[in-house]
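Please open the structure in your viewer and keep the selection tool at hand.

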Amino acid sequence: MNEIVSDKSWILLERCPIQNEHDIVKARQVVRQFGKEAGMGIVDQTRITTAVSELFRNMFLYAGGGEVLVEKGIVDERNTLIVTCIDQGPGIANIELAMTDGYTSGGGMGYGLPGSKRLVDRFEIYSQVNKGTTIRVMKWK
Amino acid sequence: MDFNEKRIPIIKIRDYLIVSIQVDMHDRLALQLQTQILEEIYRTGAKGVLIDISTLEMVDSFIGRVLSGMASMAAIMDAAVVIVGMQPAVAITLVELGLEMPGVDTALNMELGMEMLEKRLNKA
Amino acid sequence: MEANTEIKNAKVRIEHIEDVLSSVAAGDLDIRIESEIEDDLTGVEQAINLLIDDLTHELKKSIKMKEDMEDKLRKIQDQQKTILQQQEDLMELSSPVSKVWDNILILPVIGTLDSQRTQIMMENLLLKIVSTGCTTAILDITGVPTVDTQVANHLLKTVTAARLLGAECIVSGISPAIAQTIVHLGINLSNILTKATLQSAMIYAMKKNEQLVDGKVKTNFTDIDDIQL
C-alpha cells in the first residue's frame, strides 16, 4: 500500500476538523455544497456526501476525530472533487479485511469502507498501525 | 444532551404516529428519535408509524440501519412502520451502498402510506 | 587606394553588427544594420540585413500557422462537445417514461443498453415515479437484444431502488437469449417480478391495483365506463 500523494495543482476549498457529531453533519454539508458547485448531478452529490459521511463517522468512532481536506483539481484530465480524511488513530491492521463487505470491527454493519468505495470514482487508503489512517476519495464531475 | 438540540416532533393522529424528519440528523439524534418513537408507540398504543423522509438529502448506512431497526422493533411491539417519500437519489445511493432494507415498508407519499397502514389494519 | 581605407572604422562597425545580431537573437526583429559608408564590409552588412528579413518573414508565417492550428483544434473540440451533448440528448430521448393508465408507468427500452444509458434510464424512471405518484412501473425490454452483467445489475438496482421509494417494478419481455445470458452469468433475478409480455405485465398491474376485476376494467376516469377486455 503506497502513501497517498497530493498534486500541487489542486486547490484547497475547505479544511474541516472532525471532533464531534455536529462536525460530521457540517463537513458532509460542505462536501455536498462543493459537489453542487462543481456541477455534479443530484445523484452524484448524494453519492459523494454519503460516501464521506461513512468515512467521517469511522474517523470519529475509531480515531476520536481527525481532519478533512476538501480540494478540487484535475485528475486523469477530468474535473474532480477530492476529499481526504486524515486521522492519528489506531490505524487499520488489515486493510483488505476492512474493505470486505460485511466486515466490522465496531458493531456496525460493515458497509462503511466497501460501501463508500462503491459510491466514488476513486478510493485510496493508507494506514499505519498506531500512527493513523489517511483515506482519499475522488468523484469526477 | 445540548439544550439547543432540536427534537423531532412526533404527531399522533387516530391510531397512527406521524414523524417528519426535516433536519440533517447526526447519529445520536437518529438513535434518540428511534427511542422516542418506540416510547410513543408504547405510550399511545399506536398501530402504525409513518416516517416522512422526503426532505432528507442523504441516508447513510447508520441512518439506514436506524430506520430499518426501528421497523423491526416496532413490529415486535405490534406497530407497522412505513418509510414515506424517499428521494430517488437517496434510494439509488442506498442500493449502491449495499443497504436494500428488506422487510421495510415504503410508500411514495403520506396519502399512500396511510392507505397502506389502513389496509394492513383492516386485514388484521 | 590605400589598404586601410577599404574598410573604414572596422572595429566600430563590427561591434555594431554584433549588437544588432544579439538584439535579433533576443527577439527584436525590427532592428537592421545601418551604415552610410560603402565598402567591402557593406556587402556583409546587407547580407545580414537580408537574413534578418527572411527570418522575420518565416517567423511570421509559423506564428500564423500555429494560430491556424489552434483555431482548428478549438473547432474540433467544439464539435466533440456537440457530439457529447447530442449523445446525452439522445440517451434521454431514447428512454421515455409514459403513464399509460391510472397508477401505471411504462418504460419501453429499445436497443443496446450500455452502463451509462441504463444509469440515466434508471434515474429518469425513479424521478417519474415520484413526480407522478404511480406505484407500478413496467420495464419492457422486448426491444433489447442482449444484456451484460453490468446492465443486468443496473436493472436489478433500479427495481430495488423503486421498492425503496414505495413502487413496484415489473420487468417484461425477457427474450430467450437474455434469459440464457442472465442465468449463465449467475445473476439472481428471483427477487424481481418478471412477466413474459408487456400485455401480461399490464394485466398483472391492473389486477393488483384493482382496476381489473373479473375481466372487466374498472376506472376512475369519467369518460369511460366499464371497458370489456
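Begin by selecting chain A and chain B: 23 residues of chain B are in contact with 23 residues of chain A, where contact means heavy atoms within 4.5 Å. The model is a predicted one, in which local features need pLDDT of at least 70 and side-chain atom pairs count only at pLDDT 80 or more, while totals for chains, interfaces and linings use all residues. Residues are numbered from 1 along each chain as its sequence is written, chains are lettered from A and ligands numbered from 1 in the order in which they are written, and side-chain values use heavy atoms, with hydrogens and water left out.

**The interface of chain B and chain A**

The size of an interface is often given as the accessible area lost when the parts come together. Chain B and chain A bury about 2100 Å² between them, with 52% of it on carbon and sulfur atoms; buried area is the accessible area (1.4 Å probe) that two parts lose on being put together, summed over both. Now highlight B:Met58, B:Glu96 and B:Leu97, the residues of chain B that lose the most area to chain A, together 26% of what that side buries.

How many salt bridges are there between chain B and chain A? The count is seven, a salt bridge being a side-chain nitrogen of Lys or Arg within 4 Å of a carboxyl oxygen of Asp or Glu. To view one of them, select B:Asp60 and A:Arg57, whose closest N and O atoms are 2.7 Å apart. Next, colour α1 (27-44), α2 (61-76) and α3 of chain B, the elements that give two or more residues to the side of chain B that touches chain A. Helices are DSSP runs of H or I with at least four residues, strands are runs of E with at least two, and both are numbered from the N terminus. The largest share of this side, six residues, comes from α3(B).

**The interface of chain B and chain C**

Show chain C beside chain B: the contact takes 17 residues from each of these chains. The area buried between them is about 1400 Å², and carbon and sulfur atoms give 70% of it. Select B:Pro88, B:Ile92 and B:Leu108, which supply 39% of the area that chain B buries against chain C, more than any other three residues.

The count between chain B and chain C is one salt bridge. The side chains of C:Lys157 and B:Glu96 meet in a salt bridge, at 2.7 Å from N to O. In chain B, α3 (88-97) and β5 (105-107) each supply at least two residues of the side that touches chain C. Of the elements, α3(B) gives the most to that side, with six residues.

**The sheet of chain C**

Hide chain A and chain B, then display the strands of chain C. Five strands form an open sheet in the order β1-β2-β3-β4-β5, with mixed pairing; two strands pair if DSSP finds at least two bridges between them. At the edges stand β1 (98-101) and β5 (193-195) of chain C, each with a single partner strand, so one side of each is left without a neighbour in the sheet.

Select β2 (residues 104-110) and β3 (residues 136-143) of chain C, which run parallel and are joined by six bridges. Which residue of β3(C) is the bridge partner of C:Ile110? The partner is C:Gly143.

Finally, return to chain B and select β1 (residues 10-13) and β2 (residues 16-20), antiparallel strands joined by four bridges. Here B:Lys12 stands opposite B:Leu17 in β2(B).
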